[in-house]
Amino acid sequence: MRIMHVDASAKRERSNSRALSRYFLERLREERVEFEVDYLDVTVDTPPHVTEAFAIATYTAANERTAAMKATLAASDALCARLLAADALVFAMPMYNWSMPSAFKAFIDSVTRTGLTYTFADDGSTVGQLGRQKVLFITSRGADLRAGSPYESMDALTPALKAAFGFLGVSAPGFVDAQPLQFANPEARAEALERARGELDAVATQWAKAVSAAHGDAQQLQQACVE
Ligand SMILES: Cc1cc2nc3c(=O)[nH]c(=O)nc-3n(C[C@H](O)[C@H](O)[C@H](O)COP(=O)(O)O)c2cc1C
């Protein structure tokens, strides 16, 4: 299995979302899931912001693109190829001003590509191409935005991620949201991290079962072909 692992926190060693995404991959290993990682830190290799040249090139039919347009799209093409080659996607990020870090938004702008990560059906509807990938979002939040909290309605991060990746074919992404962290007392913070780790344990077990079931199916199919 190939996992694309993307971190998006401006913080490094002090980052909770980075620590939680590392924890999740360790848990998967403990569950004996065999995988390789394609790692991207979008705060280091930040995809370029949308430019006028990109906006024109991306909506020009592939067979009509000039050499300059192809060059403009090259980095985005490469990123889409990485995403499509992955079997699973693990995205970790903090909430910044109620939504996602701008570096992760640049990533979304770079990988939402007509003809690559979404195509069109005969009736003109769009068909997202990431339907096969397992997807997990790990987010960290300073405040508590869970149901019933006064900040609940401020969560512009979860809906934005669901919409952007739903369009690309991701129908049932997992979410593990660590909250409240920075703006809570030490006990509540520790509890939030413990809760998040518990949820990550459950997702790791679930992924391990799904991978093992898929492996079993593949072996049965192979056996049936031999017989
Ligand atoms: C620039 C900035 C903006 C933030 N905005 C919010 C916010 O709108 N809501 C919130 O709950 N926390 C907010 N926080 C707090 C972070 O989401 C929180 O500290 C989180 O744990 C950071 O994740 P990290 O440790 O992976 O960097 C903000 C933090 C920073 C640095």
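The points below take the basis of the model, the sheet, the helices, the ligand shell and some local features in turn.

1. This is a predicted model, in which local features need pLDDT of at least 70 and side-chain atom pairs count only at pLDDT 80 or more, while totals for chains, interfaces and linings use all residues. Residues are numbered from 1 along each chain as its sequence is written.

2. The sheet is open and has five strands in the order 2-1-3-6-7, with parallel pairing. Strands pair if DSSP finds at least two bridges between them; strands (E, at least two residues) and helices (H or I, at least four) are DSSP runs numbered from the N terminus. Strand 2 (36–41) and strand 7 (174–178) form the edges, each pairing on one side only. From one strand to the next, the twist averages 15 degrees.

3. Strand 3 (residues 88–94) pairs in the parallel sense with strand 1 (residues 2–7) over five bridges, and with strand 6 in the parallel sense over seven bridges. Opposite A88 in strand 3 stands I3, and A92 is the bridge partner of D7. On the strand 6 side, V90 stands opposite L136.

4. Why is strand 3 largely enclosed by the rest of the structure? Seven of its seven residues are buried, a residue being buried if 20 or more other C-beta atoms lie within 10 Å of its own, exposed if 12 or fewer, and partly exposed in between, with C-beta atoms placed from the backbone. Both faces are covered, by the same criterion: A88, V90, A92 and P94 are buried on one side, and L89, F91 and M93 on the other.

5. K134 belongs to strand 6 and is buried, with 20 other C-beta atoms within 10 Å. Leaving aside neighbours within four places in sequence, K134 is in contact (C-beta atoms, placed from the backbone, within 7 Å) with A88 and W207. The C-alpha atoms of K134 and D87 are 6.6 Å apart, although the two are 47 residues apart in sequence.

6. Helix 1 lies across strands 1, 2, 3, 6 (134–140) and 7, and runs at about 155 degrees to strand 3. Axes are lines fitted to C-alpha atoms, for helices over the stretch in contact, and angles run from 0 to 180 degrees between N-to-C directions. The axes of helix 1 and helix 6 (residues 186–226) come within 9 Å and cross at roughly 35 degrees. Residues of helix 1 in this contact include L20, Y23 and F24, and those of helix 6 include L193, L200 and W207. The contact residues divide into ten nonpolar, one polar and three charged.

7. The ligand is surrounded by 17 residues (C-beta atom, placed from the backbone, within 6 Å), the closest being S17, P94, G142, A143 and Q182. Helix 1 (residues 16–30) gives the most to this shell, with three residues. The shell has six nonpolar, eight polar and three charged residues; Ala, Val, Leu, Ile, Met, Phe, Trp, Tyr, Cys and Pro count as nonpolar, Asp, Glu, Lys and Arg as charged, and the others, Gly among them, as polar.

8. Q179 and P180 are joined by a cis peptide bond, with omega about 0 degrees, and P180 is in the loop between strand 7 and helix 6. In the loop between strand 3 and helix 4 (102–111), N97 has a positive phi of about 50 degrees although it is not a glycine. W98, found in the loop between strand 3 and helix 4, has a positive phi of about 75 degrees and is not a glycine. N97 is exposed, with 10 other C-beta atoms within 10 Å, whereas W98 is partly exposed, with 15.

Note on methods:
Two residues are in contact if their C-beta atoms, placed from the backbone, lie within 7 Å.
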